[in-house]
Amino acid sequence: MRAIINIYFALYANYCVNCFVPGTIIDYVIAKASETIGQDIGRISETITHEQILERGLSKSIGKFFYDQINGSKKINLSKLTNEYYDIRNIYADYYGKNICNPRVNDIIKVLLGPNVALVDLDPLTKDLPYAHFDAEKFNESNIRVINFTNFIYYYLNRNDYEKALELSGQIMHTIHDFYSHSNWVEMGNTNRINKAIGTNDLNSMSIANETDVETCVSNCQLIEIPCSSLTLSIIDFLKFLNLTSSIFECPIKYFKCETNLAEFDKLVSGYYTGQALKDGTPVPKPVELLKCSHGGLIDIDSFLEPRGGINKDSGYYLFSPRADLHLVAANLAINHTEYFFDQIRERIGDREFDKFLDLTYSALEISRIPDNNTCNKSAYLNSFI
């Protein structure tokens with residue numbers, strides 16, 4: 001079984017070089033291997049990945065774009081924005097009255113946006129950089145990163161360099177997504193509200209925990225122990241293959257399930273993660289004596305330092321995310337912020353340039369060449385954890 005599982009992981013690696021931990025593949029392998037394995041590694045929900053978050057948020061922005069075009073309000077049903085229109089082809093089918101099996105914007109998502117949103121977790125320059133992920137309470141530094149990237153995006157848009165603007169958009173969306181899964185924004189009661197201060201100087205006026213604040217988390221998480229299996233060992237092998245962990249794992253495998261481990265609800269807090277460092281190589285260790293929160297999960301060995309556990313909501317698995325119970329909330333906020341991000345671009349550059357940026361519309365001649373009874377095959381592609 002382990003050999004078979006490793007084949008699945010190898011296929012994933014060859015398919016998507018710039019992707020993080022394979023949530024979709026893990027779900028598939030669990031379904032093939034055993035009904036109980038998902039429970040063993042703490043599966044509580046589906047995992048919505050960075051690429052899926054980006055595509056869903058962008059689809060909502062695109063749906064509104066077509067709604068605002070001539071006769072668009074008669075063709076586009078805005079109630080579909082959070083379901084059917086997640087498949088962008090359905091937007092085109094409603095607007096043009098024909099099935100366009102591979103809209104050009106889908107290629108932009110798969111070739112430029114998707115790989116770049118995942119790249120941040122694998123690029124040696126950013127994978128362990130706290131302010132590429134809103135980690136280690138580096139909120140101001142992370143926000144400066146968002147501001148700088150956004151400014152460069154508009155710089156390239158003004159020069160019609162859409163490819164570079166798209167690459168940067170994908171990369172900075174990763175950082176923005178991580179705000180919701182790596183911080184305590186959700187636990188502060190913001191389950192339906194995105195933080196529009198991100199990417200502006202307004203974030204500086206928010207109450208944010210700093211390096212001297214004491215006891216942002218407490219040690220009350222449940223420690224789960226599971227025996228090693230073909231699946232768990234293969235997952236670990238794959239993480240090492242992707243150079244996502246150098247940790248030495250022992251059997252039984254241990255991870256934390258957390259519910260009430262946060263001690264700070266009046267200030268923004270994020271977790272510390274094993275092996276992170278600044279650009280100059282200065283380590284950013286978890287300050288144990290101050291009782292700071294950990295990021296948590298299988299590959300964060302510092303989560304066993306006091307206070308034990310963690311606060312990340314990156315996946316629907318407690319094995320990787322101590323707050324997997326809040327994953328879907330964080331992911332949906334990230335979807336809504338992605339929508340907001342592209343809405344802001346559209347507002348600033350106008351519909352004509354937004355159309356060029358994403359290569360959205362088709363001419364009457366192009367549409368006339370598509371058969372009226374054109375049918376499309378459903379397809380799915382693999383993605384990475386939030």
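The model is a predicted one, where local features need pLDDT of at least 70 and side-chain atom pairs count only at pLDDT 80 or more, while totals for chains, interfaces and linings use all residues. Residues are numbered from 1 along each chain as its sequence is written, and side-chain values use heavy atoms, leaving out hydrogens and water.

Taken as a whole, the protein chain has 386 residues, and 55% of them count as buried. Its make-up is 12 helices and 2 strands, where helices (H or I, at least four residues) and strands (E, at least two) are DSSP runs numbered from the N terminus. Along the sequence the order runs α-α-α-α-α-α-α-α-α-β-α-β-α-α. Contacts (heavy atoms within 4.5 Å) reach across the sequence too: among those between residues at least 6 apart, 73% join residues at least 24 apart.

Aromatic rings come next. The whole structure holds 20 aromatic pairs, counted for rings of Phe, Tyr and Trp (its six-membered ring) with centres within 6.5 Å; planes under 30 degrees apart are stacked, over 60 edge-to-face, and the rest tilted. F134 and F139 make a tilted pair, because their planes stand at 45°, with the ring centres 6.1 Å apart. F179 and Y180 also form an aromatic pair, this one edge-to-face, with 5.1 Å from centre to centre and 90° between the planes. As for burial, F134 has 0% relative accessibility and so counts as buried. F139, at 0%, is buried, and F179 is put in the buried class at 0% as well.

Ring pairs also build a cluster, linking F65, F66, Y92, Y95, Y96, Y162, F354, F357 and Y362. One of these rings, Y362, has R104 lying over its face, 3.9 Å from the ring centre. Elsewhere, R348 has its charged end over the ring of Y154, 3.8 Å from the centre. For a charge to sit over a ring, NZ of Lys or CZ of Arg must be within 6 Å of the ring centre and within 35 degrees of the ring normal.

On a 1 Å grid over the protein atoms alone, a cavity is a set of points where a 1.4 Å probe fits but cannot get out, and lining residues have an atom within 4 Å of a point. Its lining consists of K254, Y255, F256, G297, S303, F304 and P322. Sorted by class, that lining has 4 nonpolar, 2 polar and 1 charged residues.

T216 sits in the loop between α9 (162–182) and β1 (222–226) and, at 1% relative accessibility, is buried. Leaving aside residues up to four places away in sequence, T216 touches E137, N261, L262, A263, E264, V269, L291, K292 and C293. D87, found in the loop between α5 (72–75) and α6 (88–96), is partly exposed at 28% relative accessibility. Between the C-alpha atoms of D87 and N106, which are 19 residues apart along the chain, the separation is 9.7 Å.

Definitions and conventions. Buried < 20%, exposed > 50% of the residue type's maximum accessible area, 1.4 Å probe, protein only. 1 Å grid on protein atoms, 1.4 Å probe; cavity = no way out; pocket = protein on both sides within 12 Å on 5 of 7 lines; lining within 4 Å. Nonpolar A, V, L, I, M, F, W, Y, C, P; charged D, E, K, R; others polar.
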